Amino acid sequence: LDAAILKTAPKYMVAVVIKDYMGQWLAPVDPANKNAVLVKSAKVAVTAGIAGAVLTNPLDVVRNEMFKTEEGMMPCMARMTRETGAAWLFRGINKNWVAV
């Protein structure tokens, strides 16, 4: 896999799925009530953004390591697991939270 695709494609796919789910899960609002529509849209957008950032964080870590080391995806993941255990899965997650 190309390392650049690891950042963008999964994050948007997760965000779209969560956005669609949240749109159906939240109570319907009256389209004439602009404030209610805005609040519902904000809830959907924030939830989708956070889910996209958190669920795809490990892919961001792998992508960054692949750029630094020029390793393939699987060798890179194996090396990081040997070196730090599962901790690499959460590395940099605070930056992803802020970016949302």
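Reader: Where is E70 found?

Author: Happy to start there. This is a predicted model, in which local features need pLDDT of at least 70, side-chain atom pairs count only at pLDDT 80 or more, and totals for chains, interfaces and linings use all residues. Residues are numbered from 1 along each chain as its sequence is written, and side-chain values use heavy atoms, with hydrogens and water left out. Helices here are DSSP runs of H or I with at least four residues, numbered from the N terminus, and on that basis E70 sits in the loop between helix 3 and helix 4.

Reader: What is the phi of E70?

Author: Most residues other than glycine have a negative phi. E70 is not a glycine, yet its phi is positive, at about 60 degrees.

Reader: Which residues make up the largest nonpolar core?

Author: A nonpolar core is a set of buried Ala, Val, Leu, Ile, Met, Phe, Trp, Tyr and Cys residues joined through side-chain atoms within 4.5 Å. The largest one has six residues: V61, V62, M66, C76, M80 and W88.

Reader: Which element gives the largest share of this core?

Author: Two elements give two or more residues to this core, namely helix 3 (57–69) and helix 4 (73–84). The largest share is three residues, and it comes from helix 3.

Reader: Is T56 buried or exposed?

Author: T56 lies in the loop between helix 2 and helix 3. Its relative accessible area is 2%, so T56 is buried.

Reader: Which residues is T56 in contact with, leaving aside its neighbours within four places in sequence?

Author: Contact means heavy atoms within 4.5 Å. For a sense of distance along the chain, T56 and T8 are 48 residues apart, with their C-alpha atoms separated by 9.3 Å. With neighbours within four places set aside, the contacts of T56 are P10, K11, V14 and A51.

Reader: What separates the C-alpha atoms of I50 and V14?

Author: I50 belongs to helix 2 (residues 34–55). This residue is partly exposed, with a relative accessible area of 26%. I50 and V14 are 36 residues apart along the chain, and their C-alpha atoms are separated by 10.0 Å.

Reader: How far apart in space are N94 and D60, C-alpha to C-alpha?

Author: N94 lies in helix 5 (residues 93–99). It is exposed, with a relative accessible area of 51%. N94 and D60 are 34 residues apart in sequence, and C-alpha to C-alpha the distance is 12 Å.

Reader: What share of the contacts between residues at least 6 apart in sequence join residues at least 24 apart?

Author: Of the 100 residues of the chain, 26% count as buried. Among contacts between residues at least 6 apart in sequence, the share joining residues at least 24 apart is 64%.

Methods. Buried < 20%, exposed > 50% of the residue type's maximum accessible area, 1.4 Å probe, protein only.
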